[in-house]
Amino acid sequence: MIYYHDDEVTIRDMEDADAEIIAAAELAQGDHVSAEKYQTRLRDRAEGRCAALVAEFYGCAAGYVNVYYDSVWGAFANRGLCEIVDFGVLEKYRRRGIGKKLMDAAEALAFEKADAVYLGVGLHAGYGSAQRMYIKRGYVPDGSGAWYQDTACTPYGACANDDELVLYLSKSAPSSDGRKAVQLCGVCILTNDAPRLAAFYETILCEKPFAEGAHYGFNGAQLAVYDPGDVKVVPEKNMSVMFYVNDVLSEYERLTRELPGIVVTSPPERRPWGAYSFWFLDPDGNTVSFIEKREA
């Protein structure tokens with residue numbers, strides 16, 4: 001089956017001959033693999049457990065990815081979600097957009113089965129480019145920390161920084177009209193006395209906040225305390241619900257178009273602590289913030 005085709009790249013089902021070709025190319029570039037790795041994926045596909053895809057670049061096998069249905073591994077095991085496994089592009093074919101097209105095809109398959117997809121990425125430096133790519137594609141950590149040999153690591157427990165030490169990430173499916181899902185960022189409490197309120201939360205959370213001007217963040221800024229200065233703070237409406245979006249300006253234009261009466265209390269701008277965001281009120285007068293994701 002063909003999943004994608006253009007003048008340079010074709011994404012198709014993996015074939016038996018691909019196993020030897022890809023394994024030989026990876027051995028030549030210094031990787032420790034054998035054809036059995038890919039033959040296992042082909043056997044699993046024959047049993048209906050996964051899809052095994054290959055990318056061709058001008059007819060030559062250049063990369064691969066596998067999508068396991070209702071995966072039984074890792075942080076999201078047995079939840080009905082697909083897992084992307086063994087994604088790679090041969091070194092001589094990198095920086096040609098092949099990896100992006102492989103991931104697009106894999107995610108499209110996964111989103112036919114469920115409303116989210118997940119993967120595990122290694123933590124050593126050899127996975128650095130993959131880590132950056134996944135974050136840019138909208139994957140977020142699941143919160144369970146590092147896993148080693150398919151078991152969540154205990155704090156300060158023993159593990160090795162090898163290929164089996166991974167962090168699990170997930171990504172939600174786009175909305176039905178093609179826009180990427182808005183992701184909850186956290187809650188911000190607006191106040192005219194940020195130091196006082198931050199000291200209170202420091203005590204109850206047993207956590208020292210990171211402060212940037214009048215903005216105090218806790219727990220990776222899932223909770224924040226902020227004095228907005230010129231923006232009026234109404235005591236009974238001092239909670240701000242924050243969401244991450246991929247493009248603040250396009251979301252601002254969408255909401256002002258789709259909700260003509262929307263009350264924007266602060267238009268898109270770069271905040272003192274670096275966030276690019278805009279603020280508006282919900283029908284009950286609560287503040288909502290849309291914040292642009294920072295690229296890794």
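## Terms and model

Buried means under 20% relative accessible area, exposed means over 50%, and partly exposed lies in between (1.4 Å probe, protein chains only). This is a predicted model: local features need pLDDT of at least 70, side-chain atom pairs count only at pLDDT 80 or more, and totals for chains, interfaces and linings use all residues. Residues are numbered from 1 along each chain as its sequence is written, and side-chain values use heavy atoms, with hydrogens and water left out.

## The whole protein

The protein has 296 residues, and 42% of them count as buried. Its C-alpha trace spans about 70 × 50 × 35 Å along the principal axes. The secondary structure comes to six helices and 17 strands. Helices (H or I, at least four residues) and strands (E, at least two) are DSSP runs, numbered from the N terminus.

Contact means heavy atoms within 4.5 Å. Take the contacts with a separation of 6 or more: residues 24 or more positions apart account for 56% of them.

## The nine-stranded sheet

Nine strands form an open sheet with mixed pairing. The order is β1-β2-β3-β4-β5-β6-β9-β7-β8. The edge strands are β1 (2-5) and β8 (151-152), and each pairs on one side only. Two strands pair if DSSP finds at least two bridges between them.

Look at β5 and β6. They run parallel, and three bridges join them. I84 stands opposite L119 in β6. Strand β6 is mostly covered, with six of its seven residues buried. In a regular strand, side chains alternate between the two faces of the sheet.

## N66, inside strand β4

N66 is found in strand β4, which covers residues 60-68. Is N66 buried or exposed? N66 is buried, because its relative accessible area is 1%. The side chain of N66 reaches the backbone oxygen of D86 at 3.5 Å.

Which residues does N66 contact, leaving aside its neighbours within four places in sequence? They are R41, A51, A52, E83, I84, V85 and D86.

## The largest pocket

The largest pocket has a volume of about 1,700 Å³. The search uses a 1 Å grid over the protein atoms alone. A cavity is a set of points where a 1.4 Å probe fits but cannot get out, while a pocket is an open set with protein on both sides within 12 Å along at least five of seven lines. Lining residues have an atom within 4 Å of a point. Grid points are joined across faces, edges and corners, and a volume is the space filled by probe spheres set on the points.

The lining holds 46 residues, and F87, G88, Y127, A130 and Y134 lie nearest the pocket centre. Which strand gives the largest share of the lining? Strand β5 does, with seven residues. Elements that each supply at least two residues include α2 (35-46), α3 (98-111), α4 (128-136) and β9 (165-172). The lining divides into 18 nonpolar, eleven polar and 17 charged residues. Here Ala, Val, Leu, Ile, Met, Phe, Trp, Tyr, Cys and Pro count as nonpolar, Asp, Glu, Lys and Arg as charged, and the others, Gly among them, as polar.

## V225, inside strand β13

V225 lies in strand β13, residues 223-226. V225 counts as buried because its relative accessibility is 0%. V225 and D193 are 32 residues apart along the chain, and their C-alpha atoms are separated by 9.3 Å. Leaving aside neighbours within four places in sequence, the contacts of V225 include I189, T191, L197, Y201 and F218.

Y58 sits in the loop between β3 (50-57) and β4. Its phi is near 50°, a positive value in a residue other than glycine. Y58 counts as exposed because its relative accessibility is 55%. Q149 lies in the loop between β7 (140-148) and β8. Q149 has a positive phi of about 50° although it is not a glycine. Why does Q149 count as partly exposed? Its relative accessibility is 47%.

A160 has its place in the loop between β8 and β9. A160 is partly exposed, with a relative accessible area of 30%. A160 touches Y148 and L165, not counting residues up to four places away in sequence. A160 and Q39 are 121 residues apart in sequence and 27 Å apart in space, C-alpha to C-alpha.

Conventions. Polar contact = N/O pair within 3.5 Å; in protein donor to acceptor, adjacent residues only side chain to side chain.
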